[in-house]
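This report concerns a single protein model and selected features of its surface. Please consult the sequence and coordinates shown below alongside the text.

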Amino acid sequence: MLQERIIIAVIDESGMLTGIGRAPRVTIIHEKGGKIEKIEEIDVGWDKAHETEQEGLHHATVAKFIMQHKVNEIIASGAGPDMRKMLERLGVKIRIGGGYYKEYI
């Protein structure tokens with residue numbers, strides 16, 4: 001059975017990587033057996049929520065999305081220590097980098 005990976009790249013409006021908790025959009029990449037099967041972009045509004053939600057609630061919003069979409073890897077330009085701890089508890093791998101997200105897939 002081929003293993004499926006679901007990766008999220010957290011991006012700004014132009015497709016450049018941004019911090020997890022401040023992403024206005026994400027790109028979900030469905031990969032199976034090393035081959036990309038589907039790529040979709042979703043507006044999440046975490047940039048606005050970061051400024052209005054309490055920190056614990058904001059992390060819960062991100063966690064809920066990750067669990068709903070069965071994400072097992074995230075590509076971002078950064079993540080705060082509490083966000084990293086939350087993602088580690090969920091078993092999500094984090095890759096930190098910069099630039100255009102398609103450079104990482």
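The model is predicted rather than experimental in origin.

**Largest pocket**

The largest pocket holds about 170 Å³ of space. Its lining comprises 14 residues, and those that lie nearest the centre are Gly21, His50, His58, His59 and Met83. By class, the lining of this pocket consists of 3 nonpolar, 8 polar and 3 charged residues. Among the contributing elements, helix H2, which spans residues 55–68, gives the most to the lining, with 3 residues.

**Nonpolar surface patch**

On the surface, Ile36, Ile39 and Ile105 form a nonpolar patch, and their accessible area together is about 210 Å². One of these residues, isoleucine 39, belongs to strand S3, which covers residues 35–43.

**Loop residue lysine 70**

Lysine 70 is located in the loop that connects H2 with strand S4 (73–76). Its phi angle is near 55 degrees, a positive value in a residue other than glycine. Lysine 70 is classed as exposed because its relative accessible area is 62%, and the class requires over 50%.

The relative accessibilities of the two residues are listed below.

| Residue | Relative accessible area | Class |
|---|---|---|
| Lysine 70 | 62% | exposed |

Conventions:
Residues numbered from 1 in each chain as written. Predicted model: local features only at pLDDT ≥ 70, side-chain atom pairs only at ≥ 80, totals over all residues. Heavy atoms only, no water. 1 Å grid on protein atoms, 1.4 Å probe; cavity = no way out; pocket = protein on both sides within 12 Å on 5 of 7 lines; lining within 4 Å. Points joined across faces, edges and corners; volume = space filled by probe spheres on them. Helix = DSSP H or I, 4+ residues; strand = E, 2+ residues; numbered from the N terminus. Nonpolar A, V, L, I, M, F, W, Y, C, P; charged D, E, K, R; others polar. Patch = residues over 30% accessible without salt bridge, like charges linked within 9 Å, V, L, I, M, F, W, Y side chains within 5 Å. Areas by Shrake-Rupley, 256 points an atom, 1.4 Å probe, with all protein chains shown as cover. Salt bridge = Lys/Arg side-chain N within 4 Å of Asp/Glu carboxyl O. Buried < 20%, exposed > 50% of the residue type's maximum accessible area, 1.4 Å probe, protein only.
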